[in-house]
Amino acid sequence: MRRWLIAVLIAAAHLLSPPQVTGQLRLLGTAGLGRPLKPVDARARALGDAAIALHGSNLSAINPAALARLNAAGIWVSYQPESRTVKGELANGDFETADFPLVRVALPVSNRWVLGAGFGGYFDQDWGVMFTDTLSLSTGDLEFEETRRSDGGISQFRIELGGRVGNALSLGMTGIYYSGESRLSVSRVFEVDSAFNSFFTRAAIQYQGWGAAFGAEYRPLDELAIGAVATWNPSGLTVRNDTTNTEADVDLPIGFDIGASLQLSQELVAAVALGWTNWSALDDDFPGRSAADAYRIGGGIELEALTGRSSSLFVRLGGRFERLPFVIQGGKPWERSLSLGLGAVLRGGRGRLDGTLELGGRGAEELLIEEDFTRYTFSVAIFTS
Amino acid sequence: MSTPRHAALVVALALAVGACGRDEIISVDSEAAPGQTSQTREALLTPDRLDAWIDTLYSGFARPSSATYLQIEEGTPNLISRALFRFGIIQDSVFLADTVSRALRFDSVRVVAGMDTLRTVLSSSGTTLRLLAVGQQWDARSANWEFAVDTSGARIAWSAGPGGAFAEVLAEATLTELADSVIFELGARGDSLLRSWVDTTQENTGLALVVSDSGRAVLTAPRVQYRLVPEVEPDTSIVLRSFANARTFIFDRSVLPNLQGVLRIGGVDGWRVFAELIIPDSVPVEGSTSRFRMRGATINKAELIFVSLPPPVAPFAAETDFAATVFDLADDFRVYGAKTPVGDAVLGSELAFRVDSIAEGSELRFNITRRMATWARIASDSTPGPIRLMVRSLVEGGTFGFWEVGAVDGDVRYAPVLRVVFTPPIEFTVP
């Protein structure tokens, strides 16, 4: 088993190794709809976002069929602070962000069916840059400082239903309402003694749309769980600029995710997930830019390290790689991370505390820039019994 | 947990979802910065690039009697100029020991005037200023070289011919070097002179200051200073002073007529430039063949640029630095002429005319950013009216001379220009 663990670590380290980058800078998260977010909890984060099928309670709002495995009402929330360091010849600096990627409740409505609702992130559009430049005028050159910011993003509100249709099979479906706003601003400040008025403008871009997700989880053996999720967004996104009162419709893609969880021993679980989303179908919606299919792979292991009378402590290790959808200067951006997590199940499952540390990076082949990030995810869950 | 509590918790947590943290700013290279922006543009709008640019010139907003100085000059190539002033209020009693005591006599009577050393020019051998009694009545607001009174109702020539009618010499002061003030001691004549000013019910004919040889002196308002010896206490004296309540100066040059293509600012006659600009919403900009919309844009800077003509002929070129500023006009000067109501000064438009450094072709730039910003902010579904401006010296009558700049109808090399640096609004595209 130790060899197997080392092999996983080597593979994860390879995923994290930075690629060679050339070309022009475009900051990550500034293209298209932004940087994708997932409504996953700290446990799934620690297992490389393998949240399609999991032994034990799967609290991430990815596969609605997983709700069927809950037998008590509960509420849980995840908090996710992240430190980013941007490195490059053309840009550098540190980011600090904090998000609530998942807030979710579940309520069993019968022996078989569980109803859920949740909020989660969908796209992050927080970024800000600053630079100095020179304006050439008839009176000579004039230096100015410009700041461009984007704050906000798109969230998803989910109403979910999961149920067991047999001992081994669970099905679920989710109605998703997408909503959000990004507040864009640009300010340009000229040299103080130039007597030039500063330029400042801002706009709010609002997003609305809806979609659905269908999930299944199948356990042919007690030690094996496999799952699949299909996401379908028939309405697309209606994007509205409240400053110019203009509107545009953007298609949203369909996506497929599959995953599996294997109980290797009583203390050890391994999980893996793969996914694909056909963002390339949106290419026409982003003139001057483009979108490419996104895919993702991740996995991890969970070891029950300590077991008490009614509590358990888990140690988790995982890694993941993801191709992000919005192509930047011809380069397909990626994100990869290695994660280490701790989790505790308390009072016989009435409470759960999970924490995950992720060390990762983002970049793209054509960028002269890379981001390193350190992300923490903390989740707290409370169940009625 | 009850269902309402569930719901409340869900709502609270949902609100927390929106309370995400925000990014810090990172430094990037300007060429590589992401996001949408708008380029700052510069438009140099000559009159032919506007829908209309009309300008004209009016004077008479100042006169020698309202000038901040008195100019006396003789024996120079410029002009002959003489100062007239009178003291209308002479205090001839004081309150002492609970009683009012009249003046037993006036001692140490002297006339004192401050001197503008920058504008005073003495001859190499010294310049003698002479204090004279004026020999006839004169009207401070209308007196000029030819006439003691020159109003629409009355015109009375100087009895001694052009240049004033003077009686006896009361005092002299010879200046060999510049000083802060010049003092004329009236000596024994002082007492009787002050009594004559007190005793008469008529306005006194006042005093004159002239240069008796050659040179130019620019003086501030004169004052008479004296010691009043009261009847009740003849051993004591009280120093009193009185400022001239009427003053002017007369000179042997007529006001210059308006000339085509010439605008004037400043001078003892108070020359003012009136202009009306009708600006199109979109304008051509430097470095591009396209027109860019200026209405709705941020006006980073706007300047009304006048181009200096050669300095006016002596003595009409401003003899010292002065400041000029731009005012809003409240109405159409083509209807109301010189009497067009004037609005507020355009904040920040004050400009120093440093006359020694203004050469022909120099650009005199008035900052009218605030006025242009007001224009640009007018709602896009409204039609903005013309921008009407008036340019005048900040202190009218502060200098004898003025400065000349080109007008729209003059030589195109001296034509005024409206320079606007603006940033059009960003039309953030979706998404």
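Is strand 14 (residues 207-211) of chain B mostly covered or mostly exposed, and how many of its residues are buried? In this predicted model, strand 14 of chain B is mostly covered, with five of its five residues buried.

**Chain B as a whole**

- Chain B contains four helices and 30 strands, and buried residues account for 41% of its 431 residues.
- The radius of gyration of chain B is 32 Å, whereas a compact globule of 431 residues would have one near 22 Å.
- The C-alpha trace of chain B spans about 105 × 70 × 45 Å along its principal axes.
- Among the contacts in chain B with a separation of 6 or more, 80% are between residues 24 or more positions apart.

**Nonpolar cores**

- The largest nonpolar core has 66 residues, of which A:Ala50, A:Ala51, A:Ile52 and A:Ala271 touch the most other members.
- Leaving aside residues up to four places away in sequence, A:Ala50 touches A:Ala44, A:Gly259, A:Ala271, A:Val272, A:Ala273, A:Gly298, A:Gly299 and A:Gly300.
- Another core, of 57 residues, lies apart from the largest one, and its members include B:Ala275, B:Leu277, B:Ala415 and B:Val421.

**Where the two chains touch**

- The contact between the chains involves 43 residues of chain B and 61 residues of chain A.
- On the side of chain B that touches chain A, two or more residues are given by each of helix 1 (3-18), strand 1 (26-28), strand 2 (41-45), strand 23 (298-307), helix 4 (369-377) and strand 30 (417-423) of chain B.
- Helix 1 of chain B provides the largest share of that side, namely seven residues.
- By residue type, the side of chain B that touches chain A divides into 23 nonpolar, twelve polar and eight charged residues.
- Strand pairing also crosses between the chains, as strand 3 (residues 91-108) of chain A and strand 1 of chain B pair in the antiparallel sense over two bridges, with A:Asn92 standing opposite B:Ser27.

**Individual residues in loops**

- B:Ser380 lies in the loop between helix 4 and strand 28 (387-393) of chain B, and B:Ser380 counts as exposed because it has 9 C-beta neighbours inside 10 Å.
- Although B:Ser380 and B:Arg295 are 85 residues apart along the chain, their C-alpha atoms are separated by 7.2 Å; not counting residues up to four places away in sequence, B:Ser380 touches B:Arg295 and B:Gly296.
- Most residues other than glycine have a negative phi, and most peptide bonds are trans.
- Against that background, a cis peptide bond with omega of about 5° joins B:Ala314 and B:Pro315, and B:Pro315 lies in the loop between strand 23 and strand 24 (322-329) of chain B.
- A:Ala195 is not a glycine, yet has a positive phi of about 60°; A:Ala195 lies in the loop between strand 7 (169-190) and strand 8 (199-221) of chain A, and counts as partly exposed because it has 13 C-beta neighbours inside 10 Å.
- A:Arg347, also not a glycine, has a positive phi of about 50° and lies in the loop between strand 18 (333-346) and strand 19 (351-364) of chain A, where its 13 C-beta neighbours inside 10 Å make it count as partly exposed.

**Confidence in chain A**

- The average pLDDT of chain A is 87, and 88% of the residues score at least 70.
- Over residues 8-26 of chain A the pLDDT stays under 50, and for this stretch the model has 45 contacts beyond four places in sequence.

How values were computed:
Residues numbered from 1 in each chain as written. Chains lettered and ligands numbered in written order. Predicted model: local features only at pLDDT ≥ 70, side-chain atom pairs only at ≥ 80, totals over all residues. pLDDT = per-residue confidence, 0-100. Contact = placed C-beta atoms within 7 Å. Buried ≥ 20, exposed ≤ 12 C-beta atoms within 10 Å, placed from the backbone. Core = buried A, V, L, I, M, F, W, Y, C linked by C-beta atoms within 7 Å. Nonpolar A, V, L, I, M, F, W, Y, C, P; charged D, E, K, R; others polar. Pairing = 2+ DSSP bridges. Rg over C-alpha atoms; globule rule 2.2 N^0.38 Å.
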